[in-house]
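Subject: Structure handover

Hello,

Here is the structure I promised to pass on to you. Please have it open while you read, and my notes follow just below.

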Amino acid sequence: QSQLVESGGGLVQPGGSLRLSCAASGLSLYYNAIGWFRQAPGKEREGISCISSSGGSTNYADSVKGRFTISRDNDKNTAYLQMNSLKPEDTAVYYCTVHLGSDYCAGAAIWGQGTQVTVSS
């Protein structure tokens, strides 16, 4: 059974950093784009970053550009989201996605269960 498990969320003060991990089991991350999404209470889900299957192409939402970095380690079957200079408005549940057989974060995907990130003093 294919599964994604996010970890690394928690409570952090404004200006702090967190590193989220997305570990895959039952499937290989090779040849698949990986994305990170988030959803805050009362808000629509937001796509914040995507990395191509090779890792050679990345993109970011304007809201996180310059502060967040997406990466992947195919040998460890894990993806990461480094989040720096966190702001209260980054508070949300963060989800990773794997887009099977695609080099883009669109269409059908496998979703993780999410990890809570809370930015507060």
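**Salt bridges**

R38 and D90 form a salt bridge in which the closest N and O atoms are 2.9 Å apart. The two residues come from distant parts of the chain: R38 is in strand β4 (residues 33-39), while D90 is in the loop between β8 (78-83) and β9, 52 residues apart. Strands here are DSSP runs of E with at least two residues, and helices are runs of H or I with at least four residues, numbered from the N terminus. By salt bridge I mean a side-chain nitrogen of Lys or Arg within 4 Å of a carboxyl oxygen of Asp or Glu.

Before going further, please note that this is a predicted model, in which local features need pLDDT of at least 70 and side-chain atom pairs count only at pLDDT 80 or more, whereas totals for chains, interfaces and linings use all residues. Residues are numbered from 1 along each chain as its sequence is written, and side-chain values use heavy atoms, with hydrogens and water left out.

Back to the charges. Side chains of opposite charge can pair when their charged atoms come close. How many salt bridges does a search of the whole structure find? The search gives 4. One of them brings together the side chains of E46 and R38, at 2.8 Å from N to O. Another pairs D62 with K65, with 3.2 Å between the closest N and O atoms. Salt bridges that share partners also join R38, E46, R67 and D90 into one network.

Are R38 and D90 buried or exposed? Both R38 and D90 are buried, a word used for a relative accessible area under 20%, with exposed meaning over 50% and partly exposed in between (1.4 Å probe, protein chains only). R38 counts as buried because its relative accessible area is 6%. E46 has 27%, so E46 is partly exposed. D62, at 68%, is therefore exposed.

**Disulfides**

A disulfide is a pair of cysteine sulfur atoms within 2.5 Å, and this rule gives a count of 2 disulfides. One of them joins C22 to C96, with 2.0 Å from S to S. The link of C22 and C96 is right-handed, with 65° about the S-S bond. C22 and C96 are both buried.

C50 and C105 also form a disulfide, and their sulfur atoms are 2.0 Å apart. This link is right-handed as well, with 85° about the S-S bond. C50 is in strand β5 (residues 46-51) and C105 is in the loop between β9 and β10 (110-111), so the pair links distant parts of the chain, 55 residues apart. C50 is buried because its relative accessible area is 7%, whereas C105, at 22%, counts as partly exposed. If you number the bonded cysteines of the protein chain in sequence order, the pairing is 1-3, 2-4.

**A serine in strand β3**

Last, have a look at S21, which is found in strand β3 (residues 18-25). Its relative accessibility is 18%, so S21 counts as buried. Which residues does S21 touch, not counting those up to four places away in sequence? S21 touches V5, E6, S7, W36, T78, A79 and Y80, where contact means heavy atoms within 4.5 Å.

Enjoy exploring!

Best wishes
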